[in-house]
Amino acid sequence: MDHYTARKRNEYMEQEEDWDRDLLLDPAWEKQQRKTFTAWCNSHLRKAGTQIENIEEDFRNGLKLMLLLEVISGERLPRPDKGKMRFHKIANVNKALDFIASKGVKLVSIGAEEIVDGNLKMTLGMIWTIILRFAIQDISVEETSAKEGLLLWCQRKTAPYRNVNVQNFHTSWKDGLALCALIHRHRPDLIDYAKLRKDDPIGNLNTAFEVAEKYLDIPKMLDAEDIVNTPKPDEKAIMTYVSCFYHAFAGAEQAETAANRICKVLAVNQENEKLMEEYEKLASELLEWIRRTVPWLENRVGEPSMSAMQRKLEDFRDYRRLHKPPRVQEKCQLEINFNTLQTKLRLSHRPAFMPSEGKLVSDIANAWRGLEQAEKGYEDWLLSEIRRLQRLQHLAEKFQQKASLHEAWTRGKEEMLSQRDYETASLQEVRALLRRHEAFESDLAAHQDRVEHIAALAQELNELDYHEAASVNSRCQAICDQWDNLGTLTQKRRDALERMEKLLETIDQLQLEFARRAAPFNNWLDGAVEDLQDVWLVHSVEETQVRKLVPSRDQMLQEELTRQQVNERLRRQFAAQANAIGPWIQGKVEEVGRLAAGMAGSLEEQMAGLRQQEQNIINYKSNIDRLEGDHQLLQESLVFDNKHTVYSMEHIRVGWEQLLTSIARTINEVENQVLTRDAKGLSQEQLNEFRASFNHFDRKRNGMMEPDDFRACLISMGYDLVGVLQLCPRGEVEFARIMTMVDPNAAGVVTFQAFIDFMTRETAETDTAEQVVASFKILAGDKNYITAEELRRELPAEQAEYCIRRMAPYKGAGAPAGALDYVAFSSALYGESDL
């Protein structure tokens with residue numbers, strides 16, 4: 001019995017020994033105790049061929065009291081004094097009381113004189129002390145003792161019965177159904193429980209008393225009328241009588257122990273199966289989410305407009321900030337659940353859990369890597385596409401601007417070149433028209449670069465897959481066609497002007513003679529023509545347009561300067577935060593790594609420190625959110641470079657996820673160490689020794705030992721296993737066997753948890769399949785099969801139904817219909833899961 005149980009027993013004993021010594025006995029209770037205690041004493045004294053009639057008189061000389069103690073203890077007491085004087089009687093009673101005290105019972109206010117004097121209250125108190133010590137104290141159910149153990153036994157035995165609810169040792173027994181249920185549970189052949197009525201307590205009690213006396217050798221210790229008519233029957237009397245049933249059915253306690261063992265084993269398997277189901281469910285949901293998300297990330301079909309692509313970018317931002325973080329936590333929790341489950345399976349000597357096909361931790365890790373690759377590719381594509389659309393928008397605006405300027409310049413030019421004004425012009429007018437035409441040709445040649453630039457812009461817009469390329473091409477073609485037409489019209493007008501000039505020169509020659517005679521007039525005419533020509537050559541419209549464009553250009557440049565200044569301010573604002581957050585995250589990751597490698601103090605202290613670190617990290621999340629907001633402003637402003645920091649938002653996100661995963665894994669490692677410690681009874685000193693040895697040989701400081709380091713660690717700890725310490729074929733084979741235990745997935749490393757499990761693998765007391773088979777055999781009455789009825793009778797409802805659902809039909813000869821195979825079921829409990 002452990003220290004805690006012993007202390008609780010002593011506390012209970014001290015409490016029960018304080019048996020109303022300062023109060024008068026209730027008359028009804030006194031009557032019940034007198035009858036019950038007398039019958040109980042006689043049930044033992046008859047084994048010695050005697051009995052008592054009057055409990056306070058027949059124990060006065062101490063002789064029958066000593067005889068009673070010898071019968072119930074099986075030990076010899078000192079020889080009694082044979083005299084009949086008072087002091088002889090006191091001496092004999094003292095010998096009895098001394099014997100009781102030698103059994104660890106503390107007698108309070110009970111002296112030999114009071115017993116010799118026939119004090120009823122003291123005598124009843126003494127007998128109760130004897131009953132408590134020899135009939136009740138050693139009753140233990142699930143580490144409870146005495147009264148609590150007896151009560152728990154009664155509750156378990158009567159739990160399946162209707163109208164029975166045992167909560168105490170007084171009112172719960174007044175209707176007699178609880179006593180009848182106890183008898184029926186162990187001897188269903190003695191009582192037909194289905195015919196009992198709750199409204200017939202006298203009949204029920206008398207039935208129980210008569211059956212117990214006739215078939216179970218339990219004397220009638222109570223009166224049905226006294227129990228029914230007393231508001232609260234005497235607790236000690238009821239306990240004394242009920243304890244007789246416990247001892248009468250002591251043989252059935254073997255079945256109780258077997259049932260308890262089975263319940264514990266089933267509870268372990270049920271908990272493990274629940275964890276397996278949770279893992280499978282969480283893994284399925286996570287893989288399904290990844291399956292749905294990856295095609296979205298791999299869809300690289302661009303949108304025609306910048307606004308549509310920015311909506312895609314906003315959707316991706318929501319994915320990163322809202323949809324992915326919970327999945328990161330699920331993935332981390334999935335790994336934690338898997339590690340915890342495997343630890344529990346190892347501790348209970350169950351085979352390692354093998355998830356369904358495609359749901360291994362490695363499968364999830366691979367799927368997650370695929371997700372992140374798709375995510376990275378999608379983000380790169382998004383930014384590239386936005387840059388392309390940004391350039392397209394710029395090129396399109398530039399094309400529209402230059403096309404508009406060119407179209408404005410060419411407006412009216414075709415009409416001008418198609419004029420036949422030279423037909424009525426003089427030679428000087430024709431020559432003036434020729435000079436104007438030459439000036440136009442020069443201007444036309446100057447505009448050739450603009451037309452080529454417009455065509456080049458159109459070509460680039462086509463190459464970049466501009467969504468309105470058709471409109472651009474149509475406009476560009478119109479400009480080119482117009483340009484060709486202008487060239488043709490220009491050449492035609494030059495030819496016409498030159499012909500007209502020659503014709504007019506001929507005419508002029510003919511008029512020279514006339515001209516010489518009309519010189520004054522000609523001089524005046526030439527001067528007038530010259531004046532007219534000077535005014536005609538001034539390009540006043542173009543000059544006016546240039547003066548108008550200069551202020552507009554200045555305004556555009558000023559707006560662009562303002563925009564770039566805002567962008568620079570956003571860059572610096574993001575960089576200031578990122579340059580603080582990035583090193584903080586890196587520092588925390590390293591700090592958590594150091595904590596994992598060199599944690600000191602008890603596991604509870606380590607856990608408290610890690611929880612505090614986790615809370616600090618969670619509290620820091622607001623800084624990440626603010627940085628996300630600044631990053632969003634940069635993306636909305638189409639700013640994708642930042643010379644002020646080496647930290648991108650992607651770097652910060654990856655680091656943050658790594659930090660959350662790292663602290664969660666470290667906490668889970670400590671939780672698993674607690675499970676291991678509690679299951680295998682390790683001391684903190686042993687755990688510290690294991691940790692120190694592991695850290696010493698963890699060369700890379702990554703929480704894992706490589707095989708050679710593990711071998712060296714075993715040597716340093718003096719691990720005595722033939723062949724491990726020898727580099728010989730036999731030694732290598734043995735070491736390879738050990739590696740399959742500590743590294744079942746052949747990852748080539750040994751984790752700290754696997755190291756602890758290996759070093760303590762033989763220290764834990766664990767149920768085996770053979771023990772469970774033996775327990776079922778007891779419940780089955782030594783049969784090779786068990787029935788559903790037996791399971792429901794011996795096990796709690798949930799465990800019974802669990803067995804019935806999973807047990808296969810028994811196929812042996814001579815079994816009744818519905819017989820179940822408990823052997824195969826027990827083996828399956830320690831075998832591979834069906835999940």
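This is a predicted model: local features need pLDDT of at least 70, side-chain atom pairs count only at pLDDT 80 or more; totals for chains, interfaces and linings use all residues.
**Exercise 1. The chain as a whole**

Work out how many helices and strands the protein chain has, and what share of its residues is buried.

*Solution.* Start with the secondary structure: the chain holds 32 helices and four strands. Next comes burial. Of the 835 residues in the protein chain, 44% are buried. For the surface, the accessible area is about 43500 Å², and carbon and sulfur atoms supply 52% of that. Finally, look at contacts between residues with a separation of 6 or more: 73% of them link residues 24 or more positions apart.

**Exercise 2. How H7 packs on H12**

Decide whether helices H7 and H12 run roughly parallel or roughly antiparallel, and say which residues meet.

*Solution.* Two packed helices are described by the angle between their axes and the distance between the axes.

Step two is to find both values. Helix H7 covers residues 120-136 and helix H12 covers residues 235-248; they pack at about 25°, and their axes lie 10 Å apart. Angles under 35 degrees count as roughly parallel, so H7 is roughly parallel to H12.

Step three is the hand of the crossing, which is left-handed for H7 and H12.

Step four is the contact itself. H7 brings Trp 128, Ile 131, Ala 135 and Ile 136, while H12 brings Lys 236, Met 239, Thr 240, Ser 243 and His 247. Sorted by type, the residues of this contact are five nonpolar, three polar and one charged.

**Exercise 3. Placing Thr 340**

Is Thr 340 buried or exposed, and which residues does it touch beyond its sequence neighbours?

*Solution.* First locate the residue: Thr 340 sits in helix H14, which spans residues 306-347. Now check its accessibility. Buried means under 20% relative accessible area, and Thr 340 is at 15%, so it counts as buried. Then list its partners. Setting aside neighbours within four places in sequence, Thr 340 contacts Asn 668, Asn 672 and Leu 675.

How values were computed
Residues are numbered from 1 along each chain as its sequence is written. Side-chain values use heavy atoms; hydrogens and water are left out. Helices (H or I, at least four residues) and strands (E, at least two) are DSSP runs, numbered from the N terminus. Buried means under 20% relative accessible area, exposed over 50%, partly exposed in between (1.4 Å probe, protein chains only). Contact means heavy atoms within 4.5 Å. Accessible areas come from the Shrake-Rupley method with a 1.4 Å probe; for residues, only the protein chains shown count as cover. Axes are lines fitted to C-alpha atoms, for helices over the stretch in contact, and angles run from 0 to 180 degrees between N-to-C directions. Angles under 35 degrees count as roughly parallel, over 145 as roughly antiparallel, 65 to 115 as roughly perpendicular and the rest as oblique. A crossing is left-handed if the near helix is turned anticlockwise from the far one by less than a right angle, and right-handed if clockwise. Ala, Val, Leu, Ile, Met, Phe, Trp, Tyr, Cys and Pro count as nonpolar, Asp, Glu, Lys and Arg as charged, and the others, Gly among them, as polar.
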